Every structure is written in structure tokens, then in C-alpha cells.
Amino acid sequence: MKFIVAVIKPFKLDEVREALSEAGINGLTVTEAKGFGRQKGHTELYRGAEYVVDFLPKVKLEIAVSDDMAEVAVETIQKTAYTGKIGDGKLFVFDLATAVRIRTGERDDVAL
């Protein structure tokens, strides 16, 4: 099993969720986040005063999948979240030791 963490632009969330669903990946957790990478934030003008926005809004997706679906999930997210501009995001893939469905006690692939 694999645990995938994706950090993407917020306006891409619905498109990524729909694409994952079409690919057969049904469960995910979404967290609103703020962060920056190479773009290092930006400056904005508000009522004549310039200020620096250090952290940009992002969305963090967490997805647990079976080993055979991991590459499908990664490719789907990468293709769907792509805009070609800096700040498109990152994907991280971890090995997942165990998964347990609390309601039934099912474990591992069955619990996903």
C-alpha cells in the first residue's frame, strides 16, 4: 500500500477530485494549507500600501491506495493539477504499513 500526499493549487481541487474518481480512486482527505516554494510569495498593494504575502494558499490531499493504483493516482494528479506555472505543487509517495477501517476492523487493502 502507498500513502500519497499532494500539495496543489486550490482552484484545481475539484478537477483533481473528479479525475481521481474517474480513475477508480474514491477516498481522499483534503486540508487547506499555506506555504511557499521557489516562488517565495509575492507583494500586493492594498489601500496604497505594499505588503508581502509570504505564504500562498494551497490544498493538501492525502490518499491511501493499493500498490497497483499508486502510479495511476500519481499520474492522474500530476496531469490534472498541471498549469505550467510556478507553484503547481508537489507529490510525495510513502510506503503505508497498515490501514484499519475502524467500523469493521478490516485491514490493509480491504480497508482502503
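Visitor: Before we start, what counts as a polar contact here?
Guide: A polar contact is a pair of N or O atoms within 3.5 Å, and within protein one of them must be able to donate a hydrogen and the other to accept it. Keep in mind that this is a predicted model.

Visitor: OK, which backbone oxygen does the side chain of Thr80 reach?
Guide: That of Thr76, at 2.6 Å.

Visitor: Where is Thr80, then?
Guide: Thr80 sits in helix 2, which covers residues 67-81. Thr76 is found in helix 2 as well.

Visitor: Is Thr80 buried or exposed?
Guide: Thr80 is buried, because its relative accessibility is 11% and the cut-off for buried is under 20%.

Visitor: And Thr76, buried or exposed?
Guide: Thr76 has a relative accessibility of 11%, so it counts as buried.

Visitor: What does Thr80 touch, leaving out residues up to four places away in sequence?
Guide: Lys12, Glu15, Val16 and Ala19.

Visitor: How do helix 1 and helix 2 pack?
Guide: Helix 1, residues 13-22, packs with helix 2 at an angle of about 145 degrees, and their axes are 9 Å apart. The crossing of the two helices is right-handed.

Visitor: Which residues make that contact?
Guide: From helix 1 there are Glu15, Val16, Ala19 and Leu20. Helix 2 brings Ala73, Thr76, Ile77, Thr80 and Ala81.

Visitor: How many of those are nonpolar, polar or charged?
Guide: Six residues are nonpolar, two are polar and one is charged.

Visitor: Let's pick Ile77. Buried or exposed?
Guide: Ile77, found in helix 2, counts as buried because its relative accessibility is 1%.

Visitor: What is Ile77 in contact with, leaving aside neighbours within four places in sequence?
Guide: Ile77 is in contact with Ile4, Ala6, Ile8, Val16, Leu20, Ile63 and Leu91.

Visitor: How far apart are Ile77 and Lys12?
Guide: They are 65 residues apart in sequence, and 9.7 Å apart in space from C-alpha to C-alpha.

Visitor: Now the largest nonpolar core. Which residues touch the most other members?
Guide: Ile4, Ile8, Val16, Leu20, Ile63 and Ile77, out of 15 residues in that core.

Visitor: Which elements each supply at least two residues of this core?
Guide: Strand 1 (2-8), helix 1, strand 5 (56-65) and helix 2. The largest share, five residues, comes from helix 2.

Visitor: You listed Ile4. What is Ile4 in contact with, leaving aside neighbours within four places in sequence?
Guide: The contacts of Ile4 are Leu61, Glu62, Ile63, Val65, Ala70, Ala73, Val74, Ile77, Leu91, Phe92 and Val93.

Visitor: Switching to strand 5. Is Leu56 buried or exposed?
Guide: Leu56, which is found in strand 5, is buried because its relative accessible area is 14%.

Visitor: How far is Val110 from Met69?
Guide: In space they are 14 Å apart, C-alpha to C-alpha, and in sequence 41 residues apart.

Visitor: Last one, Leu112. What does Leu112 touch, not counting residues up to four places away in sequence?
Guide: Leu112 touches Met1, Ala64, Val65, Ser66, Ala99 and Arg101. Leu112 is found in the segment after strand 6 and is partly exposed, because its relative accessible area is 38%.

Visitor: How far apart are Leu112 and Phe55?
Guide: Leu112 and Phe55 are 33 Å apart in space, C-alpha to C-alpha, and 57 residues apart in sequence.

Conventions: Residues numbered from 1 in each chain as written. Predicted model: local features only at pLDDT ≥ 70, side-chain atom pairs only at ≥ 80, totals over all residues. Heavy atoms only, no water. Helix = DSSP H or I, 4+ residues; strand = E, 2+ residues; numbered from the N terminus. Buried < 20%, exposed > 50% of the residue type's maximum accessible area, 1.4 Å probe, protein only. Contact = heavy atoms within 4.5 Å. Axes fitted to C-alpha atoms, helices over the stretch in contact; angles between N-to-C directions. Left-handed = near helix turned anticlockwise from the far one by under 90°. Nonpolar A, V, L, I, M, F, W, Y, C, P; charged D, E, K, R; others polar. Core = buried A, V, L, I, M, F, W, Y, C linked by side-chain atoms within 4.5 Å.
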